[in-house]
Structures are given as C-alpha cells and as structure tokens.
Amino acid sequence: MSRSVVEQGPRYAIYFVPAAQSQLYRYGSSIVGYDCYTGSDVGFPDGALNWNELTASPRRYGFHATLKAPFYLSPSCTEKQLVNAVQSFAGLGHAIHTFAPTVRLLGGFFAVVSVKAETRLDALAASCTTIFDAYRAPMSPRERARRVALGLSHSQIQNLDRWGHPYVLSEFQFHMTLTGEVPLRRRKLALAALLDVFHRMGAEQSIAVDQLVLVKQDSPDVSFRIISRCALGAAR
C-alpha cells in the first residue's frame, strides 16, 4: 500500500543540538537569534552587521545539525510513536564522538563545521535518515517540483525521491547553519564578524555529539522547538 501524501499539520525533524549551557550553543543561538530549547528569541551580538537579516532563514530551524531532515508525519504513525522510536534508537548503544568546531563558508552560507571530516557523524546521520523514514509521509508532487527546480543533480534527485531530502547519504555534510545566502561582496566582513564572536565566546572547544533531539514545527509560520531529548547510549 502506498503512503498518503501530507501537506499540512506539524513537521518533525531529528537534530543534534549542543547542550544549552555549552559555549557552542550559546554562540550559535545568539547568531541565529533563537533558542530552540525554550522557543524564545535571543539577543544578537553587538557589531556592524545586520544579524537579523543575515540569519532570518536558519532562525526558524534553530541552531542544530540535521540528522533527519524535516518531514510531515505519516498518517499511520503518531507523535508518541515517533518519540518512543527516537528514544529507543538513542539507547541502542552508540559511541560518543567529539568534533572540533570552526566556521566556514558552504556554498553561499556560513556554518559551523568540524575542523576535519567526521565519517562517524556521517554514519549517524545516515542511520537516522534511513531508519526514521518509515515515519515520514511522502512529499507532494508540488513540493518535489519546487525542489527539483532548484537545480539538483541526478544523485540529489534520487535522494529526494527515496528519502525526502536531496542532501543525504553521499551528499551529506555535517554542519550547523548560521546564516542564509550571503552576497559575495559581504562574505569577507561576515566571516570576520562570525569568527570574532566565535572566539570571544570560546566556542572553538571540542564538543561531544551525545544526544539526539526531536523537534516540532506546529505550522509554517512558527519555529521548530525541541519536544524530546535523548542521550545517546554508550556503545557496548
């Protein structure tokens, strides 16, 4: 039986979000101007840049690394079932990996990334992408057409059709978005400002990927907010 297309109601996603008290989270949430733990706005850093404008796009999602991209819940599943599934997965036994963060330009936007490639984090994201796809309602033809029109590659279109998002598996890069698209003429200034705040707040310290969070967006005009946190169980 084919799954039903859903185009309204809440969306869910599975993220890694640093601990609320960590320097990295304090940095990232101040840059995007939003705290997905509390659902509250956060004051932007002082400076000449218009942070409100530069970070309008990622603000709705909160500061995070995506492990399962936003999706509508399949009509055959409930939120409670999804919460329980994420909790069960987190407790299966996973090695706790750390990474050293830095700020880099990815395409046309800035993000926090690992100083070096972290294949183990890529593997965690691949597991979340594939395992939790059973809870995702298929995208509508309209949404598919909108995404394909952005200029996706053949591999990305295949990912979109199978997993609901183009940038997964071999197309995935672990990152935590800070800005929307930054015009070429403003990138040097933006990077300098982002790095200045990054170092002033001590956000360069290595951080452990030790929890999964389930986030929910109740409607398109509101931001995602954490509804469940799950510590990753130590591998045995």
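**Chatting about a predicted model**

Author: Let's start with glycine 28, which lies in helix H1, residues 23-32. Bear in mind that this is a predicted model.

Reader: OK, and what does glycine 28 touch, leaving out residues up to four places away in sequence?

Author: With those left out, glycine 28 touches Phe63 and Leu178.

Reader: How far apart are the C-alpha atoms of glycine 28 and histidine 64?

Author: They are separated by 8.3 Å, while the two residues are 36 apart along the chain.

Reader: Nice. Switching to helix H7, which residues are buried there?

Author: H7 covers residues 154-163, and its buried residues are Gln156, Ile157, Asn159, Leu160 and Trp163. They span an arc of only 165° around the axis, which puts them on the same side of H7.

Reader: And what covers the buried residues of H7?

Author: The cover includes strand E4 (65-72), along with helix H5 (119-131) and helix H6 (141-148).

Reader: What follows H7?

Author: Glycine 164 does, and its phi is positive, near 85°.

Reader: Which residue has a positive phi although it is not a glycine?

Author: Leucine 169 has one, at about 55°. For background, most residues other than glycine have a negative phi.

Reader: Where does leucine 169 lie?

Author: Leucine 169 is in the loop between H7 and strand E8, residues 176-177. At 36% relative accessibility, leucine 169 counts as partly exposed.

Reader: Let's zoom out. How many helices and strands does the chain have?

Author: There are eight helices and eleven strands.

Reader: What about the radius of gyration?

Author: The chain has 17 Å. A compact globule with 236 residues would have a value near 18 Å, so the chain agrees with that. The C-alpha atoms fill a box of roughly 55 × 45 × 35 Å along the principal axes.

Reader: How much of the chain counts as buried?

Author: Of the 236 residues, 49% count as buried. The chain exposes about 11700 Å², with carbon and sulfur atoms supplying 52% of that area.

Reader: And which share of the contacts with a separation of 6 or more comes from residues 24 or more positions apart?

Author: Those residues account for 72% of such contacts.

Reader: Last one: how many positive and negative side chains are there?

Author: The chain has 25 positive and 18 negative ones, and the centres of the two sets lie 2 Å apart.

Notes. Residues are numbered from 1 along each chain as its sequence is written. This is a predicted model: local features need pLDDT of at least 70, side-chain atom pairs count only at pLDDT 80 or more; totals for chains, interfaces and linings use all residues. Side-chain values use heavy atoms; hydrogens and water are left out. Helices (H or I, at least four residues) and strands (E, at least two) are DSSP runs, numbered from the N terminus. The radius of gyration is taken over C-alpha atoms; the globule rule is 2.2 Å times the number of residues to the power 0.38. Buried means under 20% relative accessible area, exposed over 50%, partly exposed in between (1.4 Å probe, protein chains only). Contact means heavy atoms within 4.5 Å. Accessible areas come from the Shrake-Rupley method with a 1.4 Å probe; for residues, only the protein chains shown count as cover. Lys and Arg count as positive and Asp and Glu as negative; His and the chain ends are not counted. The place of a charge is taken as NZ of Lys, CZ of Arg, CG of Asp or CD of Glu. The arc is that of the directions from the helix axis to the C-beta atoms.
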